[in-house]
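Opening the notebook on this one. I'll jot down what I looked up, in the order I got to it.

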Amino acid sequence: MTAHFDSTEQTLVIIKPDGVQRKLVGRIIQRFEDRGLTIKKMYQTMLEPKKVQEHYDHLKERDFFPALIDYMTSGPVVVIILENKDVIQIVRSMIGATNPLSAAPGTIRGDFAVSTTENVIHASDSEEAAAVEIQRFFHEQ
């Protein structure tokens, strides 16, 4: 397998209901654009419980799973495909740790998140996850 050092990659980002409700969408997108990332596709929607359950299937045994589904379907979200070289690593570093208490100031979660569940944003954590998540949220677009 040949490595493609110059190739761009894509990642999926979801600005969660708390981020939309708190009117942070523009500020978050501005951070991505300021970093030179390309928005390939974007839309706002209400997520269906079935799609959210599929997306968070790896957490289904956790006690907070029902609350997570309720939260993710509680209001509109903005779903985005970002593209750039090393975009997954760049975005993960920009969003910060899942727990906002651990997220560094200057990261999206460090600056805006209020709890581990309501942490403003989701981003794919690997190329494999990004491929699956982009297909999940954009196959109908």
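Before anything else, my burial cut-offs: buried means under 20% relative accessible area, exposed over 50%, and partly exposed in between, with a 1.4 Å probe and protein chains only. I'm working on a predicted model, where local features need pLDDT of at least 70, side-chain atom pairs count only at pLDDT 80 or more, and totals for chains, interfaces and linings use all residues. Residues are numbered from 1 along each chain as its sequence is written, and side-chain values use heavy atoms, with hydrogens and water left out.

Entry: Asn-119. I checked its burial, and at 2% relative accessibility Asn-119 counts as buried. I found Asn-119 in the loop between helix H6 (108-112) and S4; helices (H or I, at least four residues) and strands (E, at least two) are DSSP runs numbered from the N terminus. For contacts I take heavy atoms within 4.5 Å. Not counting residues up to four places away in sequence, Asn-119 touches Lys-16, Asp-18, Tyr-71, Thr-98, Arg-109 and Ala-113.

Entry: His-122 sits in strand S4, and at 11% relative accessibility His-122 counts as buried. Leaving aside neighbours within four places in sequence, I list its contacts as Leu-12, Val-13, Ile-14, Lys-16, His-55, Tyr-56, Arg-109 and Glu-133.

Entry: the largest pocket. I note a volume of about 490 Å³. Of its 23 lining residues, Tyr-56, His-58, Leu-59, Thr-98 and His-122 are the closest to the centre. My terms: on a 1 Å grid over the protein atoms alone, a pocket is an open set of points where a 1.4 Å probe fits, with protein on both sides within 12 Å along at least five of seven lines, and lining residues have an atom within 4 Å of a point. The volume is the space filled by probe spheres set on the points, which are joined across faces, edges and corners. Which element gives the most to the lining? I got H7, with four residues.

Entry: strand S3. Seven of the eight residues of S3 (residues 77-84) are buried, so the strand is largely enclosed by the rest of the structure. I count strands as paired if DSSP finds at least two bridges between them. S1 (residues 9-15) pairs antiparallel with S3 over seven bridges, and seven bridges also join S2 (residues 38-45) to S3, again antiparallel. Glu-83 in S3 stands opposite Gln-10 and also opposite Thr-38.
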